[in-house]
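The following note sets out several points for a colleague who has the coordinates open.

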Amino acid sequence: MLKPSLFTRVWLWALAAVVAVWLIAPTLIVIPLSFTDKASLVFPPQGWSFRWYESFFTNPQWTAALGNSLLLGLLVAVLATVLGLLAALGLRVIAQKKLMAAVTAGLIAPMVVPGIVLAIGVYAVFLYLGLVGTLPGFLFAHTVLALPFTVIAINSGLANFDERLELAARSLGANAFGTFMKVTLPNITPSLVSGALFAFVTSFDEVVLSLFIKSPYFETLPVLMYASVTRDTDPTLAAAATVILLLTTAIVVIALLATGRKKRG
């Protein structure tokens, strides 16, 4: 394989940097917007103030919505990762390729079905079951959306896992459960972490489905942000967006550091 020239590599790196800036810039604009001293979203800010962060953290409605989103995201990450692990392990034992393809398609269907269609169906079912506006309802609905990401991530980890290690453990007397806990699970931990992160972010960022099943008693942060932007242009919205950006970035960085340390260990 021919190695690209220095000029080609520099050109590709420059193109990648331009694309990265193009994708990231709209997200980063909310940070200076959150420090404006005006009572509206004006860019660039004419002055600087922390008043909108004070408004965010002292308003019970905003802090309650943030707490709901964090709690829901953590619960979805755990449940979707456990279910995704069980589904991925189940796919390993399916011998028929057509059946495996059909089951896989069913598991990842929520990724390709339009969100509004899924939201209408979930709302109809939850309304009948009395789950609209409840924590269990949000948990089940968001887990449906997050499950495809955990299945894909864990499947990828199992595909790169050397099954001969399991055979070696079983030949040395380990039972199936012990082999899984001491051999399989440690080797696919990075995939589990990746799947859990995708599940958390999927839940934390979900707005379409949440709009259908929300209630005055349980409201997530993205839903409250959507309601806020339709009512007014209060820069508290930018402060909330910045908090989300910093939280998700911190979680991803910590998880990547933990995963890298696990691999080195």
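This is a predicted model: local features need pLDDT of at least 70, side-chain atom pairs count only at pLDDT 80 or more; totals for chains, interfaces and linings use all residues.

1. Buried means under 20% relative accessible area, exposed means over 50%, and partly exposed lies in between, with a 1.4 Å probe and protein chains only as cover. On this scale Gly67 is partly exposed, because its relative accessible area is 35%.

2. Residues are numbered from 1 along each chain as its sequence is written, and side-chain values use heavy atoms, with hydrogens and water left out.

3. The chain holds 13 helices and zero strands; helices (H or I, at least four residues) and strands (E, at least two) are DSSP runs numbered from the N terminus. Its C-alpha atoms fill a box of roughly 70 × 65 × 35 Å along the principal axes.

4. Of the 265 residues in the chain, 37% are buried. A contact is a pair with heavy atoms within 4.5 Å. Among contacts between residues at least 6 apart in sequence, 70% join residues at least 24 apart.

5. The chain exposes about 15,800 Å², of which carbon and sulfur atoms supply 72%. Accessible areas come from the Shrake-Rupley method with a 1.4 Å probe; for residues, only the protein chains shown count as cover.

6. Phe7, Trp11, Leu12, Leu15, Val19, Trp22, Leu23, Ile24 and Leu28 make a nonpolar surface patch of about 1,000 Å². Patch residues have over 30% relative accessible area and no salt bridge, and nonpolar side chains (Val, Leu, Ile, Met, Phe, Trp, Tyr) are joined within 5 Å, like charges within 9 Å. A salt bridge is a side-chain nitrogen of Lys or Arg within 4 Å of a carboxyl oxygen of Asp or Glu. Ile24 belongs to helix H1 (residues 6-28), and Ile24 counts as partly exposed because its relative accessibility is 44%.

7. Gly67 is part of helix H4 (residues 60-92). Although 153 residues separate Gly67 from Thr220 in sequence, their C-alpha atoms are 8.2 Å apart.

8. Beyond its neighbours within four places in sequence, Ile244 contacts Phe204, Leu221 and Met225. Ile244 and Phe204 are 40 residues apart along the chain, with 8.6 Å between their C-alpha atoms.
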